[in-house]
Amino acid sequence: MQATAYTYDSQTRSGSVLLDDGTPLPFDAAAFDAGGLLLLRPGQRVRIDVTGEGDDRHIALITLQTL
């Protein structure tokens, strides 16, 4: 799934993305670390792996979108 980086806190390595429908979805340090990223800037396109459904959705991995 693709999304756009919305917020990122380098101290906690957590933040949020906006799904393509505009829905915000938070991610934690575990998801950030799983993707091997060093930094994330708002506006970057990212690929996310999401587990769960509805209110139980959770980002398990976030990484940069590549072609």
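This is a predicted model: local features need pLDDT of at least 70, side-chain atom pairs count only at pLDDT 80 or more; totals for chains, interfaces and linings use all residues.
Hi everyone, let's start with the sheet: 5 strands form an open sheet in the order 3-2-1-4-5, and their pairing is antiparallel. Two strands count as paired if DSSP finds at least two bridges between them. At the edges sit strand 3 (24-27) and strand 5 (58-64), each pairing on one side only. On average, neighbouring strands of this sheet are turned by 40° against each other, direction ignored. Those angles, on a scale from 0 to 180 degrees, are taken between N-to-C directions of axes, which are lines fitted to C-alpha atoms.

Residues are numbered from 1 along each chain as its sequence is written, and side-chain values use heavy atoms, with hydrogens and water left out.

Now the whole chain. What order do the elements follow from the N terminus on? They run β-β-β-α-β-β, giving 1 helix and 5 strands. Helices here are DSSP runs of H or I with at least four residues, and strands are runs of E with at least two.

Look at one pair of strands. Strand 4 (residues 45-51) and strand 5 run antiparallel and are joined by 6 bridges. Val-50, for example, has Ile-59 in strand 5 as its bridge partner.

Next, please find Ser-16, in strand 2 (residues 14-19). Is Ser-16 buried or exposed? Ser-16 is buried, because its relative accessible area is 11%, and buried means under 20%, with over 50% called exposed and partly exposed in between, using a 1.4 Å probe and protein chains only. The side chain of Ser-16 makes a polar contact of 2.8 Å with that of Thr-7. A polar contact is a pair of N or O atoms within 3.5 Å; within protein, one must be able to donate a hydrogen and the other to accept it, and residues adjacent in sequence count only if both atoms are side-chain atoms. Leaving out residues up to four places away in sequence, Ser-16 touches Ala-5, Tyr-6, Thr-7, Leu-25, Pro-26 and Phe-27, where contact means heavy atoms within 4.5 Å.

Finally, the overall picture. Of the 67 residues of the chain, 28% count as buried. The C-alpha atoms fill a box of roughly 30 × 25 × 20 Å, along the principal axes.
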